[in-house]
Amino acid sequence: MKNLFLGGVAACVLVGPAFAADPQIDPAKLSEHIKVLSSDAFEGRGPATPGEVKSVAYIASEFKAAGLEPGGDKLKTGRAWTQDVPLAQFQIEGPVAVSVKAGGETQSWKQGQEVAIRAPQTGINHLTIKDAPVVFVGYGVKAPERNWDDFKGVDLHGKIALVLVNDPDFETGKGDFGGKAMTYYGRWTYKYEEAARQGALGFIVIHETAPASYGWNTVKNSNTNAVFDIIRKDPSAVHAPLEAWIQRDQTVDLFKKAGLDFEALKKEARTREFKPVTLNGVTFSTDFAVDAKKVVSHNVVGVLPGTKHPDERIIYTAHWDHLGVGLPDARGDRIYNGAVDNASGVSGLIELGRAFARAPRTDRSVMFMAVTAEEKGLLGSEYYATNPLYPLATTVANINMDGAAVNGLAKDVSTSGDGGLTLQDDLITVAKAHGRYFTADAKPEAGGFFRSDHFSFAKQGLPAISFKSGQDMVNGGVAAGKAAAEAYTRDRYHQPADEFDPNWDLSGMAQELAIVYDLGSGLANSREWPEWKPGSEFKAARDTSAAERK
């Protein structure tokens, strides 16, 4: 985009990397928001809990204090601060009985230890599975456009399928699925969707830390509490009765007792010649009650109307929710505070709103939306993207923030995955003006592009990115940044230990918000429309509404 950011670049020259000291992006304010939102009083910010009530009230109050206008659902006069998001909530009630028969022996397993079973989302109030046969289906991929079918016509009705996480290319970094970078076929969400299409009684994803990109604690904590979904006419069309994860060691043991070699079959699953394999003599049983009900959660929406083109808008997003109250950790702590994930992103959203409100109004409108239920499957953003308050055809772009820099200044910036769009090129231009370079997603195999709220907008064709902090730290370089990221994923991500630390250095976060500010401001004061590049799977959806943007 030629000349799009000349105004923004000029501003960058004036404030440059010192933007962190500007009162409009004050690290002290960022710190205070994170401290409040991630406090125990907010109970982990679970949707449809008292923690939601507090979170929504706090964010709306801060949006108002920052100078934003309410931009949510229409009222008789004006708009509310929120958009209602109707959801279905599912929770396992009481004990979970799990057992497997293998090699002539029966083993009893515990929820959260050997397996992590998600509450069924089909609307049933009780699930009983008795001695269901078990079949290994490789990576569980059916991709006709790649001439790939892991199922080969196997009948999975009444059966439990064991499935590998990630893509067939993950181990070798080459093949029919784009190499190391994960495609949507590698996401566990796809695996469960395919389970329903195949008519399986259930899919159990085999956990391995490297291809999953996180450890068992993250799996356990994310899947054994309440789960949510959008309201569906036929939930069984997208959900099998059983959706679960299993530890690798238990998987290897089951294969061995069935006379099979897990590693050998895993290697075979990397090829399109793979055929499903029944684990002879192995059956799976479980029994538990389910509480299913309809709830209403909320996206929180603030706006600043544009002066020349108010019907065109840039949307900044960050999810306010986290995991709420769940299984205790080794310390007995049951509150999943979610300080970095994502009280930090909401903090940035509030302060971006304040910065825009203090500046001269932009030509286009700017919208700030804290979305719900990201941790439950990007549901708040999906609801907005499919039920938009304002037309997506004349929405310019979505800039999402999910997790912020808490360890000081970096030399680079990044995004979650690479969606192939000019908006990412714009980010690179703006970052360069701030003295930072761009680094591609350091772990494309983790499937980051499919794991943040921008993906909901991308699926509808809207150009969207999720901003990520850099890892090339001013103090310590890439080694320090990588070590910090790995430690966070290992020790705090989706665990009660993701708590506020008053010793955090938020100067990097403030500087990165300056970059995100200039990116959105440049778009809001231009006539440019970011585009998906040729070959992107999202380009066709956007192109259908091109006439509305002339």
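**Buried tyrosines and a central question of strands**

Biologist: Is Tyr493 buried or exposed?
Modeller: Tyr493 is buried, as its relative accessible area is 16%. Buried means under 20% relative accessible area, exposed over 50% and partly exposed in between, with a 1.4 Å probe and protein chains only.

Biologist: What am I looking at, and how is it numbered?
Modeller: This is a predicted model, in which local features need pLDDT of at least 70, side-chain atom pairs need pLDDT 80 or more, and totals for chains, interfaces and linings use all residues. Numbering starts from 1 along each chain as its sequence is written, and side-chain values use heavy atoms, without hydrogens and water.

Biologist: How many aromatic pairs are there?
Modeller: The count is 27 aromatic pairs, where ring centres of Phe, Tyr and Trp (its six-membered ring) lie within 6.5 Å. Tyr214 and Tyr493 form a tilted pair, 6.3 Å centre to centre with 40 degrees between the planes; under 30 degrees would be stacked and over 60 edge-to-face.

Biologist: Where in the chain do those two sit?
Modeller: Tyr214 lies in the loop between helix 5 and helix 6, and Tyr493 in the loop between helix 13 and helix 14, 279 residues apart. Helices are DSSP runs of H or I with at least four residues, strands runs of E with at least two, numbered from the N terminus. Tyr214 also counts as buried, at 8% relative accessibility.

Biologist: Changing topic, which strands pair with strand 20?
Modeller: Strand 17 pairs with strand 20 in the parallel sense over 4 bridges, and strand 18 in the antiparallel sense over 3 bridges; pairing takes at least two DSSP bridges. Ile399 stands opposite Ile465, and Val413 opposite Ser469.
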